Amino acid sequence: MAPQIQTRSRLRSRISRLSDTNLLTSITVAVFIVMYLCAILFLQRGFLKPQTFFNMLNANAALVIMSCGLTLVMITGGIDISVGGVTALVSMCSAVYLDYHGGNLFGALLISLGIGLAFGLVQGYLVAYLEIQPFIVTLAGMFFARGMTTIVHSEPFNVAHQGLVALKDTRISIPFLGSFNKRGDFIPAYMEIGVLAVIAVTAGLFAVLKWTKTGRNFYAVGGSRQSALMLGINVKRTVFLSHLICSLLAGLGGFVFFIHVGSGSPAHASGYEMNAIASSIIGGTMLTGGVGNVIGTFFGVMSLALIQNIVSSVGFDQPWWTGITIAVMLCLFLIVQSIIIVKRKQSNQSEPSANAEKG
Amino acid sequence: MREKSVLEMHGIYKSFPGVKALQNVDFYLREGEIHALMGENGAGKSTLIKVLTGVYGKDAGEIYLKGHSGPVRIHSPQDAQNAGISTVYQEISLCPNLSVAENIFIGRGKGMRVSWKQMNSDAAKLLTSLDIPAKPTQQLASCSIAVQQMVAIARAVDMDCRVLILDEPTSSLDESEVAKLFRLMRQLRERGVGIVFVTHFLDQVYEVCDRITVLRNGQLVGEYEIEALPRVQLVSKMLGKELDDMADIKNNLPVSTEKDSVPVYEAKGLCSTEGIQPFDFEIRRGEVNGFTGLLGSGRSESVRAIFGADRVTSGEVKVNGTPVQIKKPIDAMRHGIAYLAEDRKRDGIVGDLSVRDNIILALQVKNGFFKPFSKAKAIKFAREYIKLLDIKTASVNTPVASLSGGNQQKVILARWLLTHPNYLILDEPTRGIDVGTKVEIQKLVLKLAAEGMSVTFISSETDEMLRTCSRLLVMRDRKLVGELTGDQLTQSHIMNTIAGGEQA
Amino acid sequence: MTEKTVLRKQESWISSILRHQIIIPIAALLLLSLFNLIADPSFFCITLGHNSAGNPVLSGNLITIIDCGSELAILAIGMTLVTAASGGQDISVGAAIAISGSVIIRVLCGTNTRPDTLQAPIIVAFLVACLVAMAFGAFNGALVAFFRIQPMVATLILFTAGRSIAAWINNNELPVISDESFTYFGGYLPGIPIPTPFFIALLCYLITWAVLKFTTLGLYVQSVGINEKTAHLNGLNPVLIKLATYILLGLCVAVCGLIKVSRISTINYSVIAKDIEMDAILAVALGGNSLSGGKFNMSASILGAYVIQFLTTTLYKFNVQSDALSAYKAVVVIVLVVLSAPSVREKLSALVRKLHTSGQTTPAA
């Protein structure tokens, strides 16, 4: 009995010593693993196949990339809801460039990044230097991007460009991972080209956030804007940079999305901004800023994909369930965050501060 | 620059909308001294420091630093850091979401890379050398407020600074931590660092400081050697006694009024969430009493508890002898209590609304949701009180934010008078407003009391309290420590009770 | 001397009008009208015709504006209150309209997707929709007021789920209502040539006007929006007031839902009231109300809504596709918020002052 209590209290003290970021990330990873195990145990055997996991990854590569960018903005305490719109605009522009202007893939990539850069510069300037609410700015950005997509080309179409089709169908086999089909042949699991970008972006951003001063400044600004200023950090530049990187990644994510679907359409990536925000929040990024990391975001995206997968394999395969499950998860995690903030504040306030002076 | 000066500020002016925060303030800091910057709240200490550290831009004046020819330009805290000025602010200015080590090192040094190993081991050394009970990797938010403050001090000390500013760093520290801090300050003094020390604990000033600069109402009162300024004189310099033009106000009230009657308001063991000790309090019809004490002594918190502005945790309350529950401001208002809050900007005015709406607000709320005043009636009310209190405003529709501080205060006063309270609480009604208006408000208080209203009057200026109150409740360290009436109501008596301990 | 004072008086009279916030939507309206007048005067042409039911109806761009702008105007009422009290906007209104429209259809059709007769009186269906929409409003309001989540993020939840919920209510089927009396709300009443939505909007406006006149809602909402702490010290309950504004917005949403489904007698979950949240926010901003809360002017917001519709109709006139409209509106939003940003305003007013002083000094010199 006694040792049990001891381990429990030790666990509790270890949890309370975790930083907010690590605590929330751990929750997300745990939730993801538990859900996956449950799916394997209680649902179809299909979840046991590695390819199921890689399918989710392939389908959501673009979402991971733009969610990572969004996480960066949210760490500084802002928000960007233009990422979905930018994705649609980027894939439409790339499609039109390839098919109607005989462009090449490299040019399309440059266009994608250029569009992202333009959005980042404008939105970043408005938010950081003119101090306009980020939500309003990026809401306008989203509508602008959606509208521009229609103006560029109003009808959805498939891209016939050969290079793109080849790229789209490129499959990278994963050694030693795979499953046996009915005849007993080994079929290796594969991933699409976009997943490489996911790995690069996630690893790169993780490193920047963890091991560079600029990266730590994002956290400081998000933790307390006023304090960050007092600590000698250039707050405006940091906020500007976060929006710039976010939009650039939205551009890159748009290109990856384009490679995955191989078409341009004004309806592309609809609702992606919500998925990206939901992924970041589920991945442990605090809306209030200062907390979160891209590993958590990665698992946030995968959790969303997984739960959609589970919901549809349980039989709720009507399209509306997707929206409702995402909303329910978002709502749950938001309330969990809100409770964590209150709890931590309370435990701080209970500390003796007898002579603390007012204002 | 004067000889031996490490920092000089000349003719600093700074104003915010409606407030002149600093007017022609000079400040000299010598090498290797601990210099106390004293003054009551609103005197301009924090503003002066924020001007020095680049948080606020100054309107006029020059700052000189040793080693720089000509005035230096400080536009941001970063500039200040680079110029060798490091600061510990009154409110903890660290990031709660980062680790202790990061909070010590962020925003400093060159290069892009963060070496966690190096940083954590450096931080560990620093923490042990200063004997701070925190781990470098611990998240700052999980430390107590005192440790957080010590971490802020560690950061400031670790920077190779020539000027160290400590803006009320001791308010959350216990005795041993304060002793630790003082040891550190003396060490730094030996090294030739100039230290600016802001505090409202007089004991501490006399323990470590070499010289004192006193500010009042945004103006320089003077610069003194510590030996030349005994404690009581310091208090009188801080509180100000030059207001001779108020001599015509006389407290004509009988010292005790109707001792046998039922108190208008009575509380036993009242206590709120804001950390004051439970206290007993009563006030009778036509009485003017006051809470006095230095800043942070709990005088505002006490009256807020009476009004139900903070969450009341315990206590029995009687109004006119009947037990009542006062949990929210609206309860207090229904029982005829009115409260003019201490911070006019934060808790008083509704900035963008017109003078008219600001005046009728409280009565309107008391009146109920479905009984709005007609526009004509509201204007009538507003005009009546604008005339009564002589509020200087272009019209009843002028946004209250565009009025001067004194007139804003009168608008809020009008708001509460309009509710015709039996018991009026005025928390620092005279702060930050011109002398003429101060006199008017004091006269009004006495007039209202003569008409039968009970008033609790709080002011940082003891003279005002002496002129208006027939009974003073003295607070120290969030506790009621004394009650003064009749002959005890003298300047020196009050100061001694406030200062406590030493009898000067 | 007297001449000067008269001049100054006139000046102050003009400047006080110019400073009034309703001048912003009026100026926008005049500008748009002028633009249309120059580009194509036939824009303002109104003709009297007969619709398929044989009723006399007016038609023309101006009629379209007062017709289609009405939902927006009704929404603007609620959005103005929400903005003023909570300093943020509700972006779930489009999705909530889909829900309340779906509820109305569900109640009217019962389980049958093509009923010959209505299964319930329209008023019952409408009241149920009101309750549902107010419940969702209360949900949003609770997240904002109790959990202190930023309004736009809190309403993001319903924004994501709303249309799915709407589809779920009717099992993703598209019931059609054939009863003619149902079309009155979004179409024309027999014998009256002006579209009904305009009358509904007018009625809503009158009710709002009465509420603001005969209750203290306006004062409370503004006080809470400007200074929550002061509001609390003056006996108000900021949480309750914020919650109330979101519930009121729910009511407005239900009315819009009724009009929207009445227009087509059926529902399209993904298209109904699409992008209307943007227009509603824009209407509030164009009405000169600060998007970060505080003072509001209801009439200006409502006029703003009609100006937005004017803009939409004008853009349609110039063959802009409906999906591309949002790009133009986004530009308008950005211009508006940039102009109203404090830092920009400061610079502008400094510039004006500079021009003013130089204008004064030159004649003297």
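**View 1. Pairing of strands β16 and β17 in chain B of the predicted model.** Tyr423(B) stands opposite Ser454(B), a residue of β17(B). The two strands concerned, β16 (residues 423-427) and β17 (residues 454-458) of chain B, run in the parallel sense and are joined over five bridges.

**View 2. The open sheet of chain B.** Six strands make up this mixed sheet, in the order β15-β16-β17-β12-β18-β19. The edges are held by β15 (337-340) and β19 (479-485) of chain B; each has a single partner strand, so one side of each is left without a neighbour in the sheet. On average, and with direction ignored, neighbouring strands are turned by 15° against each other. Helix α14 (residues 405-418) of chain B packs on the sheet, where it touches β15 and β16 of chain B. The direction of α14 makes about 170° with that of β15(B).

**View 3. Domains assigned in chain B.** Domain 1 covers 5-239, while domain 2 is assigned as 243-336 + 434-504. The C-alpha centres of domain 1 and domain 2 of chain B are 34 Å apart.

View 4. Chain A contributes 34 residues and chain C contributes 42 residues. Between these chains the count of salt bridges is zero, and three residue pairs are in polar contact, both residues being at pLDDT 80 or more. On the side of chain A that touches chain C, the elements giving two or more residues are α6 (105-129), α7 (134-152), α13 (272-282) and α15 (320-349). Of these, α7(A) gives the most, with 12 residues.

Definitions and conventions: Residues numbered from 1 in each chain as written. Chains lettered and ligands numbered in written order. Predicted model: local features only at pLDDT ≥ 70, side-chain atom pairs only at ≥ 80, totals over all residues. Heavy atoms only, no water. Pairing = 2+ DSSP bridges. Helix = DSSP H or I, 4+ residues; strand = E, 2+ residues; numbered from the N terminus. Axes fitted to C-alpha atoms, helices over the stretch in contact; angles between N-to-C directions. Contact = heavy atoms within 4.5 Å. Domains from an automatic or database assignment. Salt bridge = Lys/Arg side-chain N within 4 Å of Asp/Glu carboxyl O. Polar contact = N/O pair within 3.5 Å; in protein donor to acceptor, adjacent residues only side chain to side chain.
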